[in-house]
Amino acid sequence: MKTVHSKLSIYCAALILLVSGGCNYLDQEPERQGTLEEALADVNSAREFLYSCYSFMPASSDHNGEPQLQGASDEHYLSSHWATDWHFSKVPNLGMQTAGNPIYNYWSYFTSTTQPSRCKAYNLYGAIRQCYTLLNRINSVPGITQADIDDISSQARFLVAYYHYVLLRLYGPIVIVEDELPLDAPDEIAYPKRVPYDKCVQWISDRLDEVAQQLPPTRTADMWGAPTSVIAKALKSRLLLYAASPLFNGNAEYYSDFKNKDGELLMNIEYDKEKWKKAMDAAEEAINLAVSAGHKLFSYPNQEAGSSDFEKGYMNERYKIVSMPSEGNTDIIWAYTGSASNLSVMNAVIGLAPGSTSVPYGGVSPSFLMVETYLTENGLPIDKDPEFDYANRYSIADIPGTTEQTAALNLHREPRFYADIAYDRASRYELNGEEYTLYFRQGERNPETGLANGNSSSATDFVCNGYMWKKFVHPDNSYRDNKSSEQRVAMPLFRFAELYLNYAEAYYEYYGKLDGKALEYIDAIRTNAGIPTVEDAWEGIPGRDDREIIRRERTIELMYEGHRFFDARRWKTAHLTFAVPQKRWNGNAEGSYTPDNPQPASDYYRLMDTREGAKTFNVPQHYLYPLDARDIDINVNLVNNPGW
């Protein structure tokens, strides 16, 4: 029998009231309480206890807060300074991840042995236990009203389902916890085995259906971060879409031997087409509920009269992430607001803030693969558009209407490209409430600021492949005089646009065609982005692949929002691109380029090999995240994921 100390170490850690910084509803700090009686002494204390349940949420807007955001997929390129285990979300992509020392631990409270101060130990089973602790005692809180009981309970029940989903998304089959576990529970209860994936999906789906009936469809402005019935149904939509996908639906190739110690198979290895129908129905239900609650695709409210479709698409894309729900952003269904400035300061281009040498950092680039994924201005992939010179995309081209030059790859692209991506000689980079032209070549100084925009032979934080993210950098942010003055930005956890994409994908996979509502939803997203509809764009163009159209649209629309890491996995395509070396322009050239002798375009626009470390993606090992070996040691009934 396991020692009492082993059990108590788990339970005591689960009862610690973790605190996250920040503001708004999800980020309020609970008071430290000595006993459960004190922690639940009145309704205010009960709400503080509820806030502590939220504090376990993974730091989705921290550039190193979760494995999906930075580095560990094919979405980003990091400088040689950042592409090491210092930038620890990069570790899995460098082949440095181990079960004995995983970089993130969602399962329990164990931190990395090599980077304990940086590694995130989210302890989501501790969070689940804390939710049940609240649920089992909420009725006994002195003076509490039934309305408060219902509100607090519904939020806690949602979090139970949500935390199970987050675990499932990362690890595959998980342990299902249905109630608070007594400290004296027998071993067969205290040390449970993993539950087959499909059963986990059904259990979470059932909990979401139940809690959706208890949650309101909308929240007041001071509680917009709290769950709603729309959020619950949106989560169910994504849950079922993942479950229908190739990684989890009939994947005998990877998981025919993935079993519990008693021989129970943990993955369904027979394909079930009806899972796509369930996902489609769930997406439609979520869409209808969201529309009735006032959600729709984001439309920038201050469009100038007579703006072109291209301009409207640009403004819609530029502001749909940086605009808050309180500012009328109807696209955001649920967002994480902790560490809201992190992405901006990591991504903003340096050299546009007079007097600043320490912020912003400007060291994270979108990968060449993602740069090339965006469509042309005609709404086609760059290798399918007959008007786009694909063969010469890496050549130097004149920028129309100017005396400047850039790569042909950067011209004649869709509005989302220009709203999301910054590049050398881009003429519309918004910061400090102004618009700048960018100068990325080595030795150059920006004529408007007199500062370098991020390249030198000795810099560690620089525009490492020739591209930077604009997404999440608010146009009114300022970093003058080494001070960050940033507008509030939230990391979307669910957007209305995703529901359209969920439906379209499930519809295509079930019916084998893109038409009806599925086509209507894809076209709505494209029209909102200022590009032609699918039928108009592809008229007379050979090689149309509707599955690829849907997947590409999803990748572009949800770019840099934490989806690519999981989407490529569930499609079973991650091994094809995640370990492929990324390309870069010659922005950190060897040589003596100075302001008096700046790097010419002919030297800058040379395609170079990566400076990243050698990357790896082992199949099937890297398709699921490893459980920490210490958790496996404590619970002898647990098995780790294949390959770990």
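1. Let's start inside the protein: the largest cavity holds about 220 Å³ of space. This is a predicted model, in which local features need pLDDT of at least 70 and side-chain atom pairs count only at pLDDT 80 or more, while totals for chains, interfaces and linings use all residues. Residues are numbered from 1 along each chain as its sequence is written, and side-chain values use heavy atoms, with hydrogens and water left out.

2. A cavity here is a set of points, on a 1 Å grid over the protein atoms alone, where a 1.4 Å probe fits but cannot get out; lining residues have an atom within 4 Å of a point. Volume is the space filled by probe spheres set on the points, which are joined across faces, edges and corners. By that search, the whole structure has seven cavities of 30 Å³ or more.

3. Around the largest cavity there are 23 lining residues, with Phe565, Arg569, His622, Tyr623 and Leu624 nearest its centre. Helix α19 (564-570) provides the largest share of this lining, four residues. The lining comprises 15 nonpolar, five polar and three charged residues (Ala, Val, Leu, Ile, Met, Phe, Trp, Tyr, Cys and Pro count as nonpolar, Asp, Glu, Lys and Arg as charged, and the others, Gly among them, as polar).

4. The second largest cavity, of about 190 Å³, has 17 lining residues, and Ser60, Gln68, Arg169, Leu493 and Glu561 lie nearest its centre. Two or more lining residues come from each of α5, α8 (229-244) and β12 (491-495), and β12 gives the most, four. Helices (H or I, at least four residues) and strands (E, at least two) are DSSP runs, numbered from the N terminus.

5. Now to the charged pairs: there are 51 salt bridges in the structure (a side-chain nitrogen of Lys or Arg within 4 Å of a carboxyl oxygen of Asp or Glu). Lys236 and Asp209 form one of them, with closest N and O atoms 3.0 Å apart. This pair links helix α8 to helix α7 (residues 197-212), 27 residues apart. Lys236 is buried at 11% relative accessible area, whereas Asp209 is partly exposed at 22% (buried means under 20%, exposed over 50%, partly exposed in between, with a 1.4 Å probe and protein chains only).

6. Arg425 and Glu444 also form a salt bridge, at 2.7 Å between the closest N and O atoms. Arg425 sits in the β8-β9 loop and Glu444 in the β10-β11 loop, so the pair ties together parts 19 residues apart in sequence. Arg425 is buried at 8%, and Glu444 is buried at 11%.

Conventions: 1 Å grid on protein atoms, 1.4 Å probe; cavity = no way out; pocket = protein on both sides within 12 Å on 5 of 7 lines; lining within 4 Å.
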